[in-house]
Amino acid sequence: MIKIYHNNRCSKSRCAMTVLEESGKEFEVVNYLEAVPTTGELRAIVGKLGISAHELVRKSEVIYKEKYKGKVLSEEEWIVAMVENPILIERPILVSDDLAVIARPTEKIYDILG
């Protein structure tokens with residue numbers, strides 16, 4: 001089952017939802033601003049993405065610029081920062097089994113869909 005971490009206010013996230021709907025595959029939607037991933041879930045996502053936690057952070061967000069820009073944090077500290085401020089989590093993220101992608105550009109979805 002595919003899981004999409006979705007923010008309806010984001011155009012890329014809405015595009016990803018459209019592609020998923022058109023694919024005919026089953027998927028679960030996680031509105032991550034409301035159902036915030038746990039630190040364990042975020043650790044697992046980062047691992048599946050094969051990136052550092054800092055690479056999952058949206059650096060364009062005001063809270064990043066005001067509170068985190070220029071700081072050097074550990075992996076765990078970045079994960080905690082995203083759990084405490086989920087708007088910092090890049091989107092959309094699609095997860096399936098042991099693979100995850102950030103669907104930017106949208107075409108990356110096909111890495112999950114096959």
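View 1. A disulfide here means a pair of cysteine sulfur atoms within 2.5 Å, and the structure holds 0 of them. C10 counts as buried because its relative accessibility is 5%, while C15, at 39%, counts as partly exposed. Those words have cut-offs: buried is under 20% relative accessible area, exposed is over 50%, and partly exposed is in between (1.4 Å probe, protein chains only).

A quick note before the other views: this is a predicted model, where local features need pLDDT of at least 70, side-chain atom pairs count only at pLDDT 80 or more, and totals for chains, interfaces and linings use all residues. Residues are numbered from 1 along each chain as its sequence is written, and side-chain values use heavy atoms, with hydrogens and water left out.

**View 2. How confident is the predictor, and where does its confidence run lowest and highest among the elements?** pLDDT is the predictor's confidence in each residue, on a scale from 0 to 100. The protein's mean is 96, and 100% of its residues reach 70 or more. Helices (H or I, at least four residues) and strands (E, at least two) are DSSP runs, numbered from the N terminus.

**View 3. N7 in its loop.** Look for N7 between β1 (2-6) and α1 (11-23). N7 has a relative accessible area of 6%, so it is buried. The N7 side chain reaches the backbone nitrogen of R9 at 2.9 Å. Leaving aside neighbours within four places in sequence, N7 is in contact (heavy atoms within 4.5 Å) with S13, Y32, L33, I87 and R91.

**View 4. Strand β3 and its partners, β1 and β4.** Two strands pair if DSSP finds at least two bridges between them. β1 and β3 run antiparallel, joined by 3 bridges, and K3 stands opposite V95 in β3. On to β4 (residues 99-102): β3 pairs with β4 over 4 bridges, also in the antiparallel sense, and I93 has I102 as its bridge partner there. β3 and β4 make a hairpin with 2 residues between them, and D97 in the turn has a positive phi of about 55°. In a regular strand the side chains alternate between the two faces of the sheet. Within β3 (residues 93-96), I93 and V95 point one way and L94 and S96 the other, and all are buried.

**View 5. The buried face of helix α2.** In α2 (residues 39-49), the buried residues are L42, I45, V46 and L49. Seen down the axis of α2, they fall within an arc of 100°, so they line one face of the helix. That arc is the one spanned by the directions from the helix axis to the C-beta atoms. These buried residues pack against β1, α4, β3 and β4. Just after α2 comes G50, with a positive phi of about 70°.

**View 6. Which residues of α4 are buried?** They are W78, I79, A81 and M82. These residues cover an arc of only 160° around the axis, which puts them on the same side of α4. What covers them includes α2 and α3 (62-68).

Definitions and conventions: Polar contact = N/O pair within 3.5 Å; in protein donor to acceptor, adjacent residues only side chain to side chain.
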